[in-house]
Amino acid sequence: MRGVNSVDLDDRRALLDQLEAYYDAVPRSGARAEDFGPLTLFVREGQGWPFYARPTLAREGVASSDEVTRVRARQRELGIPESFEWVAETAPTLKAAVEQTGLAVHAHPLMVLGPDAPTPEVPEVADGVVLRTVGPDDPVLPGALAVPHLAFADPGTGVGVAGVAELDEAVRSSAGDGSVERSAARIRAGLTCVAAAVQDGTALCAGQHQPVGKVSEIVGVGTLPTARRRGLGLAVTAALVADARSRGVETLFLSAGDDDVARIYARLGFRPVATALIAEPAE
């Protein structure tokens with residue numbers, strides 16, 4: 001499924017240009033940008049998920065391995081992850097330059113739900129599970145922010161070990177670090193929407209979208225490992241789409257973890273248009 005061209009070439013080029021503008025805009029609400037010529041390093045201001053380096057928007061020229069090395073040195077100086085993110089089809093030579101510096105590159109299907117695609121129906125969930133967008137003062141917000149971390153620590157679609165006890169511990173361990181307050185502020189400002197599948201006051205699955213104008217990316221959809229295989233990720237994604245459309249967003253996109261996950265998102269109408277690449281130090 002990676003790299004499949006499911007739209008007209010001209011439309012695809014325009015779409016990828018639109019996504020490039022989004023990729024450049026969205027970190028700027030919480031990061032400063034450092035110019036490295038054909039690469040831009042986004043450095044988070046304050047606590048939270050660290051950002052990354054990516055190709056500079058509308059800059060002529062391609063990055064060499066020497067320029068990648070310069071950025072990596074700056075990341076080490078700042079004590080932040082040596083990570084790069086980009087779209088393979090818009091920067092086709094960057095992968096080789098990044099790999100020459102010793103980083104490992106991972107590919108993910110980049111999928112889009114375009115403005116002409118209908119808003120998918122939100123699938124039904126099991127009795128006792130409620131889908132909702134999470135407000136800034138909702139007591140479930142800390143759990144909704146923590147559950148994707150547990151999900152990504154145990155990747156895949158199979159039922160895992162981490163459950164409610166581990167989620168409660170994750171919430172306790174992050175209390176006081178300011179992450180909930182920062183997310184609440186972003187929700188109030190309209191920069192982030194959080195949706196969750198909640199049962200008995202516990203977020204079993206959660207995710208976010210981050211609108212910029214008429215474009216938004218769905219990110220961080222993760223299900224508590226013990227609650228997998230219940231359709232919760234699909235339902236939360238559909239709820240995020242519905243919220244985004246209610247805000248006037250026309251184009252939604254996401255990066256699937258792998259082809260199996262991409263097939264799940266395809267059930268909501270998302271179609272592959274390109275390949276998202278993430279580079280990080282090899283383990």
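Okay, one definition before anything else: when I say contact, I mean heavy atoms within 4.5 Å. And keep in mind that this is a predicted model.

With that, let's start at L252. Which residues is L252 in contact with, leaving aside its neighbours within four places in sequence? The list runs M111, V112, L113, S216, I218, V241, A244, R245 and F270. L252 also shows up when you look at the largest nonpolar core, which has 46 residues. Along with I218, Y265 and F270, L252 touches the most other members of that core. Helix α7, residues 232–246, supplies the largest share of this core, at 8 residues. There's another core lying apart from it, with 18 residues, including A63, F84, L277 and A279.

Now, S216 was on the L252 list, so let's go there. S216 sits in strand β9, which covers residues 215–223. Is S216 buried or exposed? Buried, with a relative accessible area of 0%. Setting aside the neighbours within four places in sequence, S216 is in contact with Y22, H209, Q210, P211, V249, T251, L252 and F253.

Next up, helix packing. Two packed helices are described by the angle between their axes and the distance between the axes, so I'll give you both each time.

Take α4, residues 141–153, and α5, residues 164–174: their axes come within 9 Å and cross at roughly 115 degrees. That makes α4 roughly perpendicular to α5, because angles of 65 to 115 degrees count that way. The crossing of α4 and α5 is right-handed. Who makes the contact? On the α4 side we have P142, G143, A146, V147 and L150, and on the α5 side E166, L167, A170 and V171. By class, that contact between α4 and α5 comes out as 7 nonpolar, 1 polar and 1 charged.

α4 also packs on α6, residues 179–189, at an angle of about 105 degrees with the axes 10 Å apart. So α4 is roughly perpendicular to α6. Here the contact uses L141, P142 and L145 of α4, with S179, V180, S183, A184 and I187 of α6.

Okay, backbone torsions. Most residues other than glycine have a negative phi. A58 has a positive phi, near 60 degrees. You'll find A58 in the loop between β3 (53–55) and α2 (65–78), and A58 is exposed, with a relative accessible area of 77%. D200 isn't a glycine either, and its phi is positive at about 50 degrees. D200 is in the loop between β7 (193–199) and β8 (202–212). Buried or exposed, then, for D200? Exposed, at 76% relative accessible area.

Last stop, F36, which is in strand β1, residues 31–36. F36 has a relative accessible area of 10%, so it counts as buried, the cut-off being under 20%. Beyond the neighbours within four places in sequence, F36 is in contact with L41, R70, V71 and R74. And if you want a sense of scale, the C-alpha atoms of F36 and T237 are separated by 35 Å, with the two residues 201 apart along the chain.

Notes: Residues are numbered from 1 along each chain as its sequence is written. This is a predicted model: local features need pLDDT of at least 70, side-chain atom pairs count only at pLDDT 80 or more; totals for chains, interfaces and linings use all residues. Side-chain values use heavy atoms; hydrogens and water are left out. Axes are lines fitted to C-alpha atoms, for helices over the stretch in contact, and angles run from 0 to 180 degrees between N-to-C directions. Helices (H or I, at least four residues) and strands (E, at least two) are DSSP runs, numbered from the N terminus. Angles under 35 degrees count as roughly parallel, over 145 as roughly antiparallel, 65 to 115 as roughly perpendicular and the rest as oblique. A crossing is left-handed if the near helix is turned anticlockwise from the far one by less than a right angle, and right-handed if clockwise. Ala, Val, Leu, Ile, Met, Phe, Trp, Tyr, Cys and Pro count as nonpolar, Asp, Glu, Lys and Arg as charged, and the others, Gly among them, as polar. A nonpolar core is a set of buried Ala, Val, Leu, Ile, Met, Phe, Trp, Tyr and Cys residues joined through side-chain atoms within 4.5 Å. Buried means under 20% relative accessible area, exposed over 50%, partly exposed in between (1.4 Å probe, protein chains only).
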